[in-house]
Amino acid sequence: MVETTRRRRRPISREEALARQEKKRLRKEREELSRELARGPIDLPFCLLVLMLIGIGLIMLLSASFPSAYYEDNDPTKYFVKQGIFAIMGVAAMLFIGKINYQRFRALAKPLLYLAIVLLVLVAIPGIGLIKNDARRWLGIPRTSFQFQPSEIAKMAVVLYFSDTISKKKDKMNTTRYGVAPYLLILGVISLLMMLEPHLSGTVLILGAGAVLMLVGGINLTWVAAALAGAGGIAFLMFSGIITYGQSRLAMWQNPWLDARGKGYQLVQSLLSIGSGGLWGVGLGKSRQKYLYLPEEHNDFIFAIVCEELGLIGATIIMLLFAALILRGYWIALHARDRFGSLLVVGVTTLIAMQTFLNIGVVTGLLPTTGISLPFFSYGGTALSIQLAEMGIVLSVSRQMKPTKAG
């Protein structure tokens, strides 16, 4: 007969028991406070700005897309109807997510990052990823028209994972081991997978958002200087011709009229659209370039149609709406109740800010041509849905903002 011995539990002193009870009480109070704060009102200015941009974007999409939609399928409202359905679902998702306590999103950080990496691996496999315009960026469900870009999921995954982990490290962020190395590894893996597609603009967005979160999180400024120096060095190597990737785009960016009917055609037509709009525009719905002259007029280059139909005045108003949305987003981040909420809003707002700037820069010839859409305007159901889900996260954080001093 084998005797089994049980470990005797160490008797708990009265002081330890009281300390445990106090911890439980404080934890319960924090949970109750968090639930109470999550019932607060959403930030109305931010919500209204999003809805305004969605409404204007749908109007401009209908105007810009009906010639090509009619030419392709004899249905002038094809793109508008599809985008409208995604917009309705996206707004509903935004309002629903806005009611969720954003602390619950922490649990999604790692699973979403793993999912994004797996999807990026799948899209890079020949026969699985769908090819459009010489790029393999899409995954789709067989025998359906449903397609999406894993890069859109990767953007949100990076923001969520970085915000969650950085918010827990605090002082450790100024160390290379904890504050730089793990994040550089993640950004490196995702960037490599995205460049296999290739998807330069998406890579730039993810790297930019990740870098901003690391900077706000408190990394050593030496790394910021090194990153800027590295970016400047790569730009120099590209402009000098040592790096051959993208040389034709750089040449067409510097002077698209060198090959106005070939590689410079899209930028030339975009500039013609913008120039013909003048100060007041030719009128809503009266663009001439959208009649199969300007490629991607309802997608990446929709802002050119905005400039042509609404002129400099209308385009400036839309840019001011984007600027107001971005500034309001950063304002919410400054007034967030905790570090995690602040980082979340910074990441989401930075994605919108960078994407807006890059798209308008490409369309106006300020930056070399690359495939990047204009938030809330360009056609694309997956992108619009995820953008509105991101806006929901911002609204969720806004419900728990610190009260501002009346002044």
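Mentor: Gladly! Let us begin with a term: a nonpolar core is a set of buried Ala, Val, Leu, Ile, Met, Phe, Trp, Tyr and Cys residues joined through side-chain atoms within 4.5 Å. Keep in mind that this is a predicted model.

Trainee: How many residues does the largest nonpolar core have?

Mentor: Those with the most contacts inside this core are Phe162, Leu344, Phe376 and Phe377. The largest nonpolar core has 91 residues.

Trainee: Which helix gives the most to this core?

Mentor: Look along residues 302-334. This helix contributes 14 residues to the core, and its name is α12.

Trainee: Is cysteine 47 buried or exposed?

Mentor: Buried means under 20% relative accessible area. Cysteine 47 has 6%, so cysteine 47 is buried.

Trainee: And how many disulfides does the count come to?

Mentor: A disulfide is called when a pair of cysteine sulfur atoms lies within 2.5 Å. By this rule the count is 0.

Trainee: Where is the proline that a cis peptide bond joins to glutamate 197?

Mentor: That partner is proline 198, and omega of the bond is about -5 degrees. Proline 198 sits in the loop between α7 (181-195) and α8 (200-217).

Trainee: Is asparagine 74 buried or exposed?

Mentor: Asparagine 74 lies in the loop between α2 (44-73) and α3 (78-98), with a positive phi near 60 degrees. Exposed means over 50% relative accessible area. Asparagine 74 has 56%, so asparagine 74 counts as exposed.

Definitions and conventions: Residues are numbered from 1 along each chain as its sequence is written. This is a predicted model: local features need pLDDT of at least 70, side-chain atom pairs count only at pLDDT 80 or more; totals for chains, interfaces and linings use all residues. Side-chain values use heavy atoms; hydrogens and water are left out. Buried means under 20% relative accessible area, exposed over 50%, partly exposed in between (1.4 Å probe, protein chains only). Helices (H or I, at least four residues) and strands (E, at least two) are DSSP runs, numbered from the N terminus.
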